[in-house]
Every structure is written in C-alpha cells, then in structure tokens.
Amino acid sequence: MSDNQAVASDRFEAVLPTEVDAKARKALWGSAIGYAMDGFDLLILGFMIKAISAELGLTQAQGASLVTATLVGAVLGGIGFGMLSDRYGRVRVLTGTIVVFAVFTGLCAAAQGYWDLLFYRSVAGLGLGGEFGIGMALVAEAWPAAKRARASSYVGLGWQLGVLAAAVVSPLLLPVIGWRGMFAVGILPAIAAYFIRRSLHEPEIFIVNTHHRPTESALRLLVKDAATVKHSAAMVILCSVQNFGYYGVMIWLPNYLATRFGFALTRSAVWTAVTIAGMALGIFLFGHIADRIGRRPAFFAYMLGAVIMVTLYSRLTDPFALLVGGAAMGFFVNGMLGGYGALISELYPTAARATAQNVLFNIGRGVGGFGPVVVGAIATAYSFEVAIALLATLYILDMVALWSLIPERRGAALA
C-alpha cells in the first residue's frame, strides 16, 4: 500500500460511525418513509385502475400499462438517480427524487386522458426508482458496522408498512374521494419524507470519498474486475429470485388456490394482512440474525426455509392452516428483503454503492415481475406441483449462488 493509500484508508476508518446517533436515526426514518411511499403508491394504483379506466375510457391493456410505465420509470430512475447520488450526494439526490414524485403524482390527479396520465405515471416512477438504493446506501454509511444489517432491515420494513397502509386505506377512501383524491393522498407520504430529509446530513464517509473518487463511472465499478463481476452476477441472481418468489407468492399463488380449489380465504384481506405481518416479522428478525451470525448463514437459513414452506404450503387444505401457513411462508420468502441493503453495501465502494443497490435490485425486480406469468403458465401447461417445484428450485439456485460467489463481510468497514 502506498503512503497516499494508507492516508486515505486512515481517513475512512476515522469517519466510520461507531454508535447510533441522531444523524443515523434521521437517516433511517427518512429512508424507511421513502420506501414506504414506494409500496403505498404501487398498491393504491392497483386499487384505482378499475375506477380510472371507467372514467377515462381506458382499455384493459391501457389500464395495466399504467403499472408497467411506473415500474419501467422506477428502473430507469433507479439507475439514473443512483449514479447521481454516488457523485453528488445521498441526501441532495434523495430529496430530489421526492420532489419529482410529489409533483407528478399531483399532476396524475388532474389527468384528462390516457396519454397525459401515462406520462405523469412514468415520470413519477422515475422518482420512486431512486428510493431503495439511495436510502439503503445512506443508512449503511450512517450506521455502525455491528448494526448495519438490522438498520437495512428497518428500511425494508418501510415497504411492508406502505403496502399494509394502502391495503387498509384504499378500500375506505376510494369510494369517497375517488381516484383523483387518492392520488392527492399519495402525495402526503412524500411531503413527510421531504421535510424529514431536509434535516439529514451526508455521511462522513461519502464526504471523504469526494476527495478520492475513482476515475471510472459508477456503472463501470460494478464490473471492474473478475471478483466484482462474480459478486454482481450473484447479486442479480439473488435479487431476481427474491422478487420472483415474492410476486409469485403474493399474486399468483393466492389466486391459483382460490380458482382451482375454492380457497376464498387466500383472496381475502385477512390472508393478505396476516401474510404481510409474517413478512414484516421475518424482515425485522433477519437483520438481527445477520448481525449476530453473519450474512451468508442468515440468507442460507431463510432460503432453505423458503424451499420448505413453499412446498408445504402448496399441500395445505384447511382454512386455518392456510392462514397460519401464509404468515410462515411470508416470513421466509420476503424476510430476506432487508438484508440486501447491508450485503450490497459491503460488496461495493462508496463511489458506486447507491448505483449498485439500485441497478442490481431493479434488475431483480424487473425479472421478478414476470414471476406470476411464468409460474402461472407452467401450472396451466403442466401441473400445480411442477409450478411449486420451480419456485423451490429457484431458492436452491439462490443458495448455490450465495455460497459460491458471495463472501462474508459481517462487521467489515465499508470500502
């Protein structure tokens, strides 16, 4: 190591947080509320499509394209805002994503037809796209290494709380205030997040890094050498299986069970709420487990649990067992969500951390979005058992990629 490298390393070590202070807590709240906004927005849009289509005269394909446009915007926004964050600062860019989302969500309420609404949803999706990665990078850099995984898990809980809030609020408010009013309600979390983020501070490690930034672009740093390529490939697999399993379980499996076996419970709000509660508990505990025993053992245990629970759940026939089993399955299938923030943060340098979070997770989200379609098609063409076997096999692939390509870096200083 050269003298300059040694000095830079000492500077990084000197600014790494050693305890949870007020700045760290604010970073957590700002990031979690932003991610809750992400989950809240996507779910209320699903509730509103029928009402929007009826008033604006949209076809079924046009209504569905509003969701697609939001997700495409989120992927593009994740990449773009992630790179901006790695260059210009977490807090500054994260606040900017809120402004973009709030303005164009408000414009959705004033839409007069399909094309202007499609445009507003696409740009609002750009704002949503930066939330996950930038927030995770901010929290990872603001919290001490010994508690990094649990902090990331707390941010992951934001999504579940946003989804749960949307599931409760939408059926109550939509008949009263209509879809235009619902878009106005969707601005409220953004306003709260905006004011919280105005009080946030850039992590010290990012400030120091601005004086030692690599010449390569953030995207180039994700594939800078053979070891990093392996890490990135493995993370794409992990994030894809994570999202594929989540959407397959939450969208395809309940509808399939209800259609084929008449299990009305799996279509009810009660089933959804109980399953989300299981997911939230799984996310919360995952962070504590990963901080205690390591990232790889925690992920491996949850992946194995997902294999077992998906297989067992497909064989349940008793309504009460379906309710309890849904919570247990959700615990393992989505409990790993919060762990990706810490895992990715420890694999990539500060100059590419937010970009890595957004690019890798959004690729996984894009792949996972096809989960219900692919699994449903296999179930129709072959059998229910073959479809379940596919889900279980994907988690086994997950375990192989994790164990062979991802190093253990629990408690390590960020690069």
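The structure is a predicted model, in which local features need pLDDT of at least 70 and side-chain atom pairs count only at pLDDT 80 or more, while totals for chains, interfaces and linings use all residues. Residues are numbered from 1 along each chain as its sequence is written, and side-chain values rest on heavy atoms, with hydrogens and water left out.

**Overall form**

- The protein chain holds 17 helices and 0 strands, where helices (H or I, at least four residues) and strands (E, at least two) are DSSP runs numbered from the N terminus.
- Its radius of gyration, taken over C-alpha atoms, is 21 Å, close to the 22 Å that the globule rule (2.2 Å times the number of residues to the power 0.38) gives for 415 residues, so the chain is as compact as a globular protein of that length.
- Taken along the principal axes, the C-alpha atoms fill a box of roughly 70 × 50 × 35 Å.
- Of the 415 residues, 56% count as buried, a term that means under 20% relative accessible area, with exposed meaning over 50% and partly exposed lying in between (1.4 Å probe, protein chains only).
- Where contact means heavy atoms within 4.5 Å, 85% of the contacts between residues at least 6 apart in sequence join residues at least 24 apart.

**Helix α16**

- In helix α16, which spans residues 371-381, the buried residues are Gly 371, Pro 372, Val 375, Gly 376 and Ala 379.
- Seen down the axis of α16, these buried residues fall within an arc of 110°, so they line one face of the helix; the arc is that of the directions from the helix axis to the C-beta atoms.
- On the face of α16 turned away from its buried side are the exposed residues Val 373, Thr 380 and Ala 381.

**Gly 335**

- Gly 335 lies in the loop that runs between α13 (319-333) and α14 (339-347), and at 0% relative accessibility it counts as buried.
- Apart from neighbours within four places in sequence, Gly 335 is in contact with Met 279, Gly 282, Ile 283, Phe 286, Tyr 302 and Gly 330.
- Between the C-alpha atoms of Gly 335 and Gln 357, which are 22 residues apart along the chain, the separation is 18 Å.

**Arg 365**

- Arg 365 has its place in helix α15 (residues 353-368) and is buried, with a relative accessible area of 9%.
- Leaving aside neighbours within four places in sequence, the contacts of Arg 365 are with Asp 38, Ala 74, Trp 159, Asn 243 and Tyr 247.
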